[in-house]
Amino acid sequence: MSDLSHQPAAVDVSLHDPLAESFPQNTAGRILFWIAVVFSLYQIATAAHLLNLNSQIQRAFHLGFLLLLGFPLLTLLRGRSSGWQVLSWMMGLVGVGIALYQYYEYVPLMMRAGDINNIDIFVGIVTLIAVFAAAWVVMGPALPIVAGLFLFYAMFGEYFPGALQTRGYSVGQVVEQMSFGTEGIYGTPLYVSATYIFLFILFGSFLEKAGMIKLFTDVSLGLVGHRMGGAAKVAVISSGLMGTISGSGVANVVTTGQFTIPLMKRFGYRAAFAGGVEATASMGGQIMPPVMGAVAFIMAETLGVAYVEVVRAAVIPAILYFASAFWMVHLEAGRRDLRGMAKADLPSATRALREGWYLILPLAVLVFLLFSGFTPLYAGAVGLALTIMLILGASLMLGVPNIIIRVIFWVGVGLMVGYLLQNRQEVLLWGVVGLLLALSVFTNGGRATIWQVIDSLAEGAKTALSVGVACALVGVIIGTMTLTGAANTFGIFIVSVGENHLMLSLVLTMLTCIVLGMGIPTIPNYIITSSIAAPALLELGVPLIVSHMFVFYFGILADLTPPVALACFAAAPIARESGFKISLEAIKVSAAGFIIPYMAVYTPTLMLQTGGPLEAAMGFYPGVAYIVAKTVISIGLWGIAVIGWLGWRLAVWQRVFAMIAAFVLVVAHPWSDVIGYLLTALFVLAWWYLRPSMRTA
């Protein structure tokens, strides 16, 4: 059997994303490494309630760590001059000063609410400058420019024309809104970053170190590697599986993409298409439960619903998203006659699961806890503790030849964990982790594993930088809309349009997401568009969680559009192709997925939401089955229309016919369903009658 699953591409993914690099091996790099470790330990301590802080102070320290780590690390990774590095450390220390000011002045600031003093204003302005600068350093200019426009509007909105005019606000009012309290920088997005998001990033980081990527890749190769277009199908499935533990599209690209993109190229796929497939599949990780992207946690907090409700709404659309990508690569492979790999050269999926099944246990516990009503913070902390136990325990038992001792050890650990969870003593789980760490010190393999744990802590903190800084800066956008009521203007326009044409309102919302997505990542895209459009869609009768999922879904698809397209540009150095060309191919691969959110709006049962005429007519579960089947047919037709192949190349009129049938099926009316099914049947008949064998007969 060849070692297909262990041949990473020798490329420099840091060409686009410097955070893909490891910490530099010099003095500054080692200092930053340990700052990152302390950052992660702080986050674990607050999540596990080993350290209890007021929410505002917890957010301030989180921001302080982001600035202290972000400025010097990015400057170092980009090889800037010593002058820039000194400035970056000064900016990092400014972040520490901001956090300490919030800590020591917490009560006085509450007493001065509405009438802050000049020192507060100065610190607030410094905070704004530091956050804008950090976002520029970590993410580039697009998001700071957009947030800057919102801040400009907050300051000078009184001079704007017509409905955009505000009553005017002083510098003190704007600074207090943005830099203090929980309406601006320290708002919901930063709170979610400081709690759920960081914890789940750490969870994914530890599972990756434990060998989850290899497990996912081997299972994918064993299942579909030998099929037509197998290399691309491996990319879709492995990225989908990776999405269950990682909510970052870019992180998924630079992990699974290191293997899948070169594999696709080797089996005949164009470099741009290979990168597009990986980017599309990786971005789907943000909607793949149980560990969804940062937006899912922000959505749960914004809507005031349990995270599991967001998971429930996302699960069918997520599966359909990956099914649509799988279908598109199947059609492309058929059109280009790209065969699969030799089955004898592929790993066995069954054997991979038999050898690595234990890696799935923390994920299974996480899912169980989420669906049992526990908070994501509790479930994430427990899942992370179990993952670290598995890593340390496996290392300790590696040198024990007696299977009876190994069984006794694992049964003992399992019973102890079960007892602690049953009695809600989850804090003591970290005592078990500490005990395993102490035992590991006395074995050679154990000491190496401790370093693996420490490395995972540092890598997790580094990965969280871009998400955390984005969450801080979008607080400025939220603060502006809360202060000025800017969301109402666009919302009123959408409602006025949608009174007669819901489809037109949905298209306007989609275009807003896509246009914003051309310049900013998914998180701020969702924050802005959901604040503006989701309330308007609710007024038009779209269920609240469905309207937010609609925005979320297109925020993800928008992240594949140029000129930003972070996942596509992360794939560029691996594919050795232009990020722009990869982005165009990614849009084509994801095209069939555009149908899914529209169908969910017209029939909420697709997102497992109650209500709607379909449920009234058929009942809930039959309604779910019906809409899923209809969506699959529509996705199938849309993919055929875009690729132009179904067993053989199709004529233009056949592709147009398939597109019309797919579009008609989106609308949820009895007459449209009848017409859509009739058009589908006519397309199938025409396709069969005009097959090449009939034409040559």
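Is the crossing of α17 and α20 left-handed or right-handed? The crossing is right-handed. This is a predicted model.

**α17 against α20**
- Helix α17 spans residues 376-398. The axes of α17 and α20 lie 9 Å apart, at an angle of about 160°.
- Angles over 145 degrees count as roughly antiparallel, so α17 and α20 are roughly antiparallel to each other.
- From α17, the contact uses Ile388, Ile391, Leu392 and Ser395. From α20, Gly445, Gly446, Thr449, Gln452 and Val453 meet them.
- By class, this contact of α17 with α20 has 4 nonpolar and 5 polar residues. No charged residues take part.

**α5 against α20**
- Helix α5 covers residues 118-139, and helix α20 covers residues 444-484. Their axes come within 9 Å and cross at roughly 135°.
- That angle makes α5 oblique to α20.
- α5 passes α20 in a left-handed crossing.
- On the α5 side, the contact residues are Leu128, Val131, Phe132, Ala134, Ala135, Val138 and Met139. On the α20 side, they are Ser466, Val469, Ala470, Ala472, Leu473 and Val476.
- The contact of α5 with α20 divides into 12 nonpolar residues, 1 polar and no charged.

**Cysteines**
- The structure holds 0 disulfides.
- Cys471 has a relative accessible area of 0%. Buried means under 20%, so Cys471 is buried.
- Cys568 is buried too, with a relative accessible area of 0%.

Note on methods
Residues numbered from 1 in each chain as written. Predicted model: local features only at pLDDT ≥ 70, side-chain atom pairs only at ≥ 80, totals over all residues. Heavy atoms only, no water. Axes fitted to C-alpha atoms, helices over the stretch in contact; angles between N-to-C directions. Helix = DSSP H or I, 4+ residues; strand = E, 2+ residues; numbered from the N terminus. Parallel < 35°, antiparallel > 145°, perpendicular 65-115°, else oblique. Left-handed = near helix turned anticlockwise from the far one by under 90°. Contact = heavy atoms within 4.5 Å. Nonpolar A, V, L, I, M, F, W, Y, C, P; charged D, E, K, R; others polar. Disulfide = S-S within 2.5 Å. Buried < 20%, exposed > 50% of the residue type's maximum accessible area, 1.4 Å probe, protein only.
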